[in-house]
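Dear colleague,

Please find below the structure that I am handing over to you. My findings follow directly after it.

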Amino acid sequence: MDFEYKQIVVAVDGSEASEKAFYKALDIVRRNDARLILAHVVDSRTFATAEAYDRTLAERAEEYAKELVDSYVEIAKNAGITNLVRCVEYGSPKVKIAKDIAETFEADLIVCGATGMGAVERFLIGSVSENITRHANCDVLVVR
């Protein structure tokens, strides 16, 4: 059976794991002549409470997201990828990537990095990659 991916979402957050996922996604995009959706989710829950004391947190998070995605866009373009889309969302990465972003772009593959959480932390809150794997309606590649 010959199957090609056409809409590939790669979740980037600035971590080493997501960088590895990004480069793996570039290879898959090239092989499949697919569209790359560079997705970053600003986890607004992490600064919602603290924002009462420092209103610039949301602005800094937004600026970081823009710079991060722009840097990956530049790398992708230098690698010859021209069919790409930037996507910055707000909310829970666990929900946004698997449901909203993947569905909006009709993704047939999500590429994300594995996390470095310990067993106890993963048991208590679960990892983003684990949640994407459980809830996505398309294939998911977790890159170690």
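Read along the sequence, the chain follows the pattern β-α-β-α-β-α-β-α-α-β, with five helices and five strands in total. Helices (H or I, at least four residues) and strands (E, at least two) are DSSP runs, numbered from the N terminus.

This is a predicted model, in which local features need pLDDT of at least 70 and side-chain atom pairs count only at pLDDT 80 or more, while totals for chains, interfaces and linings use all residues. Residues are numbered from 1 along each chain as its sequence is written, and side-chain values use heavy atoms, with hydrogens and water left out.

**The chain as a whole**

Of the 144 residues, 43% count as buried. Buried means under 20% relative accessible area, exposed over 50%, and partly exposed in between (1.4 Å probe, protein chains only). The chain exposes about 8400 Å², of which carbon and sulfur atoms supply 50%; accessible areas come from the Shrake-Rupley method with a 1.4 Å probe, and for residues only the protein chains shown count as cover. Among contacts (heavy atoms within 4.5 Å) with a separation of 6 or more, 74% join residues 24 or more positions apart.

Strands pair if DSSP finds at least two bridges between them. β1 and β2 run parallel and are joined by five bridges, with Gln7 opposite Arg35 of β2. β1 also pairs with β4 in the parallel sense, over three bridges; here the bridge partner of Ile8 is Leu109. Together, β1, α1 and β2 make a right-handed β-α-β unit. Right-handed means that, with the strands pointing away from the viewer, the path from the first strand over the helix to the second runs clockwise.

**The nonpolar cores**

A nonpolar core is a set of buried Ala, Val, Leu, Ile, Met, Phe, Trp, Tyr and Cys residues joined through side-chain atoms within 4.5 Å. The largest one has 23 residues, of which Ile8, Val10, Phe22, Leu36, Leu38 and Val111 touch the most other members. At least two residues each come from β1 (7–11), α1 (16–32), β2 (35–42), α2 (56–78) and β4 (109–113), and α1 gives the largest share, six residues. Apart from this core lies another, of 18 residues, including Val9, Ala11, Val41 and Ile132.

Leaving aside neighbours within four places in sequence, Leu36 has contacts that include Ile8, Val10, Phe22, Ala76 and Val85.

**Helix α5**

The buried residues of α5 (residues 128–135) are Ser129, Asn131 and Ile132. Seen down the helix axis, these fall within an arc of 160° (taken from the directions from the axis to the C-beta atoms), so they line one face of α5. They pack against α3, β4 and β5 (139–143).

**Two individual residues**

Ser92, in the loop between β3 (84–90) and α3 (93–104), counts as buried because its relative accessibility is 14%. Beyond its neighbours within four places in sequence, Ser92 is in contact with Val41, Asp43 and Arg45.

Arg86 lies in β3 and counts as partly exposed, at 47% relative accessibility. Arg86 and Ile37 are 49 residues apart in sequence and 6.1 Å apart in space, C-alpha to C-alpha. Not counting residues up to four places away, Arg86 touches Leu38, Val69, Asp70 and Val73.

With kind regards
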